[in-house]
Amino acid sequence: MSDNGQPRVGVFICHCGANIASKVNVFEVAEFASKLDNVAFATEYKFMCSDPGQDLIRKSIKEYNLNRVIVASCSPLMHEPTFRTVTSEGGLNPFYFQMTNIREHVSWVTKDPEAATKKAKTLIAAAVKRVVLHEALEKKEVPVRSEVLIVGGGIAGIHAALTYANSGKKVYLVEKEASVGGHMSMLDKTFPTLDCSACILTPKMSDIGKHPNIELLTYSEVKEVTGFVGNFKIKINKKARYVDTDICNGCGMCWENCPTVIYPSERIIKKGDVTIKTLIKKN
Ligand SMILES: Cc1cc2nc3c(=O)[nH]c(=O)nc-3n(C[C@H](O)[C@H](O)[C@H](O)COP(=O)(O)OP(=O)(O)OC[C@H]3O[C@@H](n4cnc5c(N)ncnc54)[C@H](O)[C@@H]3O)c2cc1C
């Protein structure tokens, strides 16, 4: 599909109406680009993303036997897919395309036209050096895992977990403390509506506890994340609770008889003048 021989780069500089051209001297930049190593053709045009602009790229690929394409214009967010498609329609692998942003990164943020023109030249020179190193890539589909891991079981994590779980996804909710709830569990009323925090939070805490799609990993922390989007591998450290969670009913009686000062939470709950910590027997 693509000519893989000596790089022949085409550089297309967009005016973006007055967005770029009122600040950057696009004619001077095109002249500069045409003299760079490996550049076979350089030109400027009013709107590269317009139909005639796209056509100019397709025709130039054929006419100048180009095997690399650079468009110096706006943010790649919107038009990188456009120009990759155009490059492909011109007969090249779409990944032989490189975009460089001389609008958001140059004309919109640089006051002095001379400095803006100089910066645009520098960015284009860098893009040329880069695009000659590009390799033809092929898209492929890989299976992805749809499970979700949420770190932090405050109200945000709890709500996110319920939303994902209700949409049918398996959710792992990792909370470093012994219980989910976060800051909201320590508040009486919430500003500005003065709603009762517990009335909002408690039903949700209960819902995540019994939701078939949610695996709750409290007193746990993420230790390692490897892999990539769609195929992450996560190592989680489950800290020792010193409690048999299958038979624990949360009565708290064991605290008084516990032979150690280890307690599962950094939180201190006040009971009048006495804190829970003082109830724990020290060694
Ligand atoms: C004193 C106070 C008063 C407030 N009053 C109001 C109010 O009136 N109205 C209002 O709207 N908001 C109020 N807020 C803010 C409100 O508490 C927060 O906006 C809300 O609780 C934040 O929820 P969250 O889930 O984002 O974070 P958090 O409640 O902070 O929850 C984060 C959770 O993540 C866990 N976590 C952190 N790091 C890790 C990790 N590495 N691994 C695993 N788990 C981790 C934490 O233990 C915690 O459970 C107040 C906050 C404070 C501190």
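The axes of helix H7 (residues 155-166) and helix H8 (residues 197-210) come within 10 Å and cross at roughly 50 degrees. Axes here are lines fitted to C-alpha atoms, for helices over the stretch in contact, with angles running from 0 to 180 degrees between N-to-C directions. H7 is therefore oblique to H8 (under 35 degrees would be roughly parallel, over 145 roughly antiparallel, 65 to 115 roughly perpendicular, and the rest is oblique). Helices are DSSP runs of H or I with at least four residues, strands are E runs of at least two, and both are numbered from the N terminus.

This is a predicted model, so local features need pLDDT of at least 70 and side-chain atom pairs count only at pLDDT 80 or more, while totals for chains, interfaces and linings use all residues. Residues are numbered from 1 along each chain as its sequence is written.

On the H7 side, Ile155, Ile158, His159, Ala161 and Leu162 meet Leu201, Lys204, Met205, Asp207 and Ile208 of H8 (contact means C-beta atoms, placed from the backbone, within 7 Å). That contact splits into seven nonpolar, one polar and two charged residues (Ala, Val, Leu, Ile, Met, Phe, Trp, Tyr, Cys and Pro are nonpolar; Asp, Glu, Lys and Arg charged; the others, Gly among them, polar).

H7 turns up again around the ligand, giving the shell its largest share, three residues. By class, the shell has seven nonpolar, seven polar and four charged residues.

Elsewhere, Leu36 sits in the loop between helix H2 (26-34) and strand E2 (39-45). The C-alpha atoms of Leu36 and Lys129 are 9.4 Å apart, though 93 residues separate them along the chain.

Key. Contact = placed C-beta atoms within 7 Å.
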